[in-house]
Amino acid sequence: MDAQVTETPEPPRFTGWDERPAEGLGSHRPGLSRTPHRWRGWAALGITVVMLAGAGSGWAVYAKLNSNIRTDSATEKELRKWESERPPAGPPNAANVLLIGSDSRSGDNRQYGRDSGQRSDTTMLLHLAADRKSATAVSIPRDLMVEVPHCKRPDGTETAPRTTQFNGAFALGGAACMIRTVEKLTGIRIDHYLIIDFVGFKKMVDAVDGVEICLSRPVDDPAAHLTLPAGRQTLHGEAALGFVRARKSLGNGSDTQRMQRQQDFLGALVKKVQSNGVLLNPTRLYPVLDAATSSLTTDAALASLKGLYELVRSTRSIPTGRVQFMTVPRREYRYDPNRDELVQPDAGRLFGQLHSDLPVTVKPPPDTGEKPVRTGAGAPAGRTDGTPSPPPDPGPFFPGTTAGHGVCE
């Protein structure tokens with residue numbers, strides 16, 4: 001994957017928080033990029049939550065943070081070749097961001113094993129509602145069987161279309177291949193994408209002084225570099241990474257439970273960032289921004305602090321109870337119980353609601369005590385004659401949770 005660092009532009013002037021949806025980062029504005037390995041796509045969601053306007057404290061700080069971000073211009077170029085095959089844009093101001101975790105073992109990631117090229121594990125499709133009153137992150141399992149289209153390999157050769165595991169798309173053709181695979185699977189146009197690696201995730205957790213979790217029993221998992229006692233505890237970089245990477249030592253060993261654990265951890269990270277005054281404290285915000293940008297690769301439209309600020313500024317006031325997480329409806333693949341396939345018509349209805357920015361409702365497991373959370377388009381205003389408005393359509397219900405529900409709750 002060819003990458004280049006963008007030139008450092010003049011820092012933007014930040015005159016205060018604007019709670020309106022950020023113009024230019026929905027799917028309606030022409031001319032903007034709509035482009036976006038065994039590992040953590042959901043960690044990039046934490047970046048979008050904390051990447052705010054703290055960079056205005058000085059030119060040197062702004063220039064350093066801005067130059068940290070890597071631009072993947074090759075992906076944008078490749079996507080333009082296939083424009084006629086891509087889905088239409090969604091409603092104005094709504095935005096769909098593909099969050100990709102990379103487990104590349106090159107550079108600082110060598111300690112986690114031999115480098116065998118680009119790989120992805122858990123990936124999330126983040127939908128930001130047009131009214132910016134909710135955010136919905138949908139996990140796509142790495143073992144989901146999907147149709148991968150023609151894709152360009154890093155060596156310039158082209159692959160034939162095939163049915164294979166979802167995480168194979170990134171290995172075959174990088175971000176462009178994964179974006180086109182997701183668009184083919186969901187019918188949702190991807191407006192932006194973010195990639196973060198092992199090191200970036202650890203830095204993010206350390207920058208917020210760790211994330212609290214609770215364990216019912218001790219864990220000893222050499223494969224995940226993880227040894228933890230039972231009980232309530234705060235995890236920092238390496239231990240946090242091991243917690244979300246672990247599979248066979250936690251739960252029943254399934255990828256399903258690991259995705260749930262990843263979603264819960266990310267929700268706890270979002271909650272801590274919002275509740276600890278990080279966003280309003282320049283001293284605490286700078287390490288978070290530095291950690292995030294130093295391990296970030298993204299499309300050209302987001303490859304600057306200004307671009308990221310414009311995306312995130314209108315999400316700052318979303319309450320944690322309306323930042324929701326779910327997994328695509330799926331079941332065991334009919335030809336191989338070690339693989340997944342979509343459950344229809346449920347998956348199609350979820351994708352249709354998100355594409356049209358219509359409500360969906362997360363229905364937590366019955367033992368959590370959480371109430372269902374409706375997201376999507378805002379509720380209708382009251383009638384002018386003073387009579388109560390009819391209750392808003394909650395949309396379809398899907399199993400999931402919210403950032404308001406902590407790991408230990």
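I count a residue as buried when its relative accessible area is under 20%. I also remind myself that this is a predicted model.

**Entry 1, the disulfide.** I started with the cysteines: how many disulfides does the count come to? The count comes to 1 disulfide. I found Cys-151 joined to Cys-177, with an S to S distance of 2.0 Å. The pair links distant parts of the chain, 26 residues apart. Cys-151 sits in strand 7 (residues 151-152) and Cys-177 in helix 4 (residues 168-186). I then checked the handedness: the torsion about the S-S bond of Cys-151 and Cys-177 is about 80°, so the disulfide is right-handed. Are its two ends buried or exposed? Cys-177 has a relative accessibility of 1%, so I file Cys-177 as buried. Cys-151 is buried as well, with a relative accessible area of 1%.

**Entry 2, a helix pair.** Two packed helices are described by the angle between their axes and the distance between the axes. For helix 2 (residues 59-68) and helix 8 (residues 282-294), I read axes that come within 7 Å and cross at roughly 30°. Angles under 35 degrees count as roughly parallel, so helix 2 is roughly parallel to helix 8. On the helix 2 side, I listed Val-61, Lys-64, Leu-65 and Asn-68 as making the contact. Helix 8 brings Tyr-286, Leu-289, Asp-290, Thr-293 and Ser-294. Sorted by kind, the residues of this contact of helix 2 with helix 8 give 4 nonpolar, 3 polar and 2 charged.

Most residues other than glycine have a negative phi, and most peptide bonds are trans. I went looking for exceptions. Asn-93, not a glycine, has a positive phi of about 75°. I placed Asn-93 in the loop between helix 3 (73-81) and strand 3 (95-102), and Asn-93 is partly exposed at a relative accessible area of 21%. Arg-132 also has a positive phi, near 55°. Arg-132 lies in the loop between strand 4 (120-128) and strand 5 (135-140), and at 3% relative accessibility Arg-132 counts as buried.

I noted a cis peptide bond between Gln-344 and Pro-345, with omega about 10°. Pro-345 belongs to the loop between strand 18 (336-342) and helix 10. Which residues of helix 10 (residues 346-355) are buried? I have Ala-347, Leu-350, Phe-351, Gln-353 and Leu-354. They cover an arc of only 160° around the axis, so they lie on the same side of helix 10. Just after helix 10, I marked a positive phi of about 60° at Asp-357.

Terms used
Residues are numbered from 1 along each chain as its sequence is written. This is a predicted model: local features need pLDDT of at least 70, side-chain atom pairs count only at pLDDT 80 or more; totals for chains, interfaces and linings use all residues. Side-chain values use heavy atoms; hydrogens and water are left out. Buried means under 20% relative accessible area, exposed over 50%, partly exposed in between (1.4 Å probe, protein chains only). Helices (H or I, at least four residues) and strands (E, at least two) are DSSP runs, numbered from the N terminus. The arc is that of the directions from the helix axis to the C-beta atoms. A disulfide is a pair of cysteine sulfur atoms within 2.5 Å. Axes are lines fitted to C-alpha atoms, for helices over the stretch in contact, and angles run from 0 to 180 degrees between N-to-C directions. Angles under 35 degrees count as roughly parallel, over 145 as roughly antiparallel, 65 to 115 as roughly perpendicular and the rest as oblique. Contact means heavy atoms within 4.5 Å. Ala, Val, Leu, Ile, Met, Phe, Trp, Tyr, Cys and Pro count as nonpolar, Asp, Glu, Lys and Arg as charged, and the others, Gly among them, as polar.
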